[in-house]
Amino acid sequence: MAVPWCSPSAPSNRAQLPTPRSGLSHKLIAAPVMARRGAASRAAHPNAAAAAAEQQPLPSRRVRATDAPCIVKTKALVASTPGTLSLAQGIVHWAPPPQALATAAAMAADPAVSQYGPDEGLPALREALRRKIREENGLEGYDVMITAGANQAFTNVVLALLDADDRAALFSPYYFNHYMALQMTGGGDNVAFGPRCPGSGHPDLDWLAAELAGPRPPKLVVITNPCNPTGVLMTQEEVERAAALCGAAGAWLVLDNTYEHFTFGHDGDGAPRRHRCVAAPHVVNIFSFSKAFGMMGWRVGYIAYPEDGSGALAAQLLKVQDTIPVCGTQLSQYVALGAVEAGRDWVAQQVAGLEGNRQAIIDALSPLGPGSVLGGEGAIYFFARLPEGCEDDEAVVRWLVRKHKVCLIPGTSCGRPGHVRAAFANLKPEVCAEAAARLKAGLQELVGEGMPAVHAFLQQDSRQAAPAAVASR
């Protein structure tokens, strides 16, 4: 059964519901929907009055206007086609450090882990992270707050720093959950989408300088480094320039450092590439345990925020934290503490083991030709431009799953139609090699036959799936 994608998320062709600023009344939006629901309800309920009384109100316009989560869609698509190998979700194939899991096992029976903990996080974990961000990230004068992953950290930051009518800036292609957080907090129509430099895929900081100097500058600028979805890594000079531009304009800079441990290759001077942070009163840094430490399901991230001794920013972040999770999961924080103690050397061994996967995906994407692929500097992704005429990337992704049994993320989910994102850390080497072979075969066919072959296959697949769906009812 083919799983449909909902409307594209690219700003240029996104099908969005009207908002109060559009001038259309809520009744114009709701009436057709309510009428259809009313007809269905009357068919199910002979008593029309009872049916009307049971009518369900509409969810908020903010959430209805938020893009659907692409990972949920790809998981459903993979589940619909047994045997599919996924290069879609950005996860790693390893488990947390053994000592971290041993800590969790030892603590599981402790009554303390079943109680609420401090909103800001486990004191021992916060102290370990303060030391880590000083020594590894160069963040002096920063404090930390533990969250349920980096996504919650980002949502906390948006709620604490941004009003719905404030402008924010993302660089396209962007991380889909960042845009979704801005949409569902009411600011989706106020996002400025910055370009990336041709060839390198790095954020166009000249555009940012002009935007910040404009008549309506963004209050908050978001950069993911290394980048999800492009897999590029900003230089120290670029990160420092972005911070200086935001500081001069009185804007917040939010750096999402989820993939800080994932760097590959060498700089122009031959030195190994390194991830860089920057510290300043207007710079908030976000981190995650999910990727490097294999802790996706434990849901632990943290906000590193500038602390001048007044506690003013901490007090605002604390309001959001107490309202949403109250506190991070206690047991998960003990696993995170064990992960910090395992240290960067343990992570480096895991990341080094990805080189074979990385090379396999580079080869798999090679049919697209020179200049079509970004990435390889950092994070766990490559971002590839599909052949001319293949702008319907969602159809290409469905076709790759249904015919070649390999799954990617469509670039439309990241604001860039006609592209795909391929992850290379989520499968063990032997399985990744098989997924790469399937992907290469699919892309060779796509380059050779184009979208007519894709549409023809999907139409035939849909016709074959329809009788099966009816029979299963």
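This is a predicted model: local features need pLDDT of at least 70, side-chain atom pairs count only at pLDDT 80 or more; totals for chains, interfaces and linings use all residues.
**Helix α10 and its surroundings**

- The buried residues of α10 are E238, V239, A242, A243 and C246.
- Looking down the axis of α10, you will find these buried residues within an arc of 135 degrees, so they line one face of the helix.
- Turned away from that buried side is a face that carries the exposed residues E237 and A248.
- The cover over the buried residues of α10 includes α9 (205-212) along with the strands β5 (220-224), β6 (252-256) and β7 (283-288).
- Just after α10 comes G250, with a positive phi of about 70 degrees.

**K219, in a loop**

- K219 sits in the loop between α9 and β5.
- With a relative accessible area of 30%, K219 counts as partly exposed, since that class lies between the cut-offs of 20% for buried and 50% for exposed.
- Setting aside neighbours within four places in sequence, K219 is in contact with L161, L162, D166, R167, A251 and W252.
- The C-alpha atoms of K219 and L253 are 8.6 Å apart, while 34 residues separate the two along the chain.

**The largest pocket**

- The largest pocket holds about 440 Å³ of space.
- Its lining is made up of 26 residues, and those nearest the centre are G90, N151, Y175, N177 and K291.
- Three helices, α4 (70-79), α7 (149-161) and α8 (176-187), each give at least two residues to the lining of this pocket.
- Of these contributions, α4 makes the largest, with 4 residues.
- Sorted by class, the pocket lining has 11 nonpolar, 10 polar and 5 charged residues.

**Cavities**

- There are 2 cavities of 30 Å³ or more in the structure.
- The second largest cavity has a volume of about 70 Å³.
- Among the residues lining the second largest cavity are F171, Y175, H178, R196 and N228.
- Strands β3 (168-171) and β5 each supply at least two residues of this cavity's lining, and the largest share, 3 residues, comes from β5.
- The lining of the second largest cavity divides into 7 nonpolar residues, 3 polar and 1 charged.

Key:
Residues are numbered from 1 along each chain as its sequence is written. Side-chain values use heavy atoms; hydrogens and water are left out. On a 1 Å grid over the protein atoms alone, a cavity is a set of points where a 1.4 Å probe fits but cannot get out, and a pocket is an open set with protein on both sides within 12 Å along at least five of seven lines; lining residues have an atom within 4 Å of a point. Grid points are joined across faces, edges and corners, and a volume is the space filled by probe spheres set on the points. Ala, Val, Leu, Ile, Met, Phe, Trp, Tyr, Cys and Pro count as nonpolar, Asp, Glu, Lys and Arg as charged, and the others, Gly among them, as polar. Buried means under 20% relative accessible area, exposed over 50%, partly exposed in between (1.4 Å probe, protein chains only). The arc is that of the directions from the helix axis to the C-beta atoms. Contact means heavy atoms within 4.5 Å.
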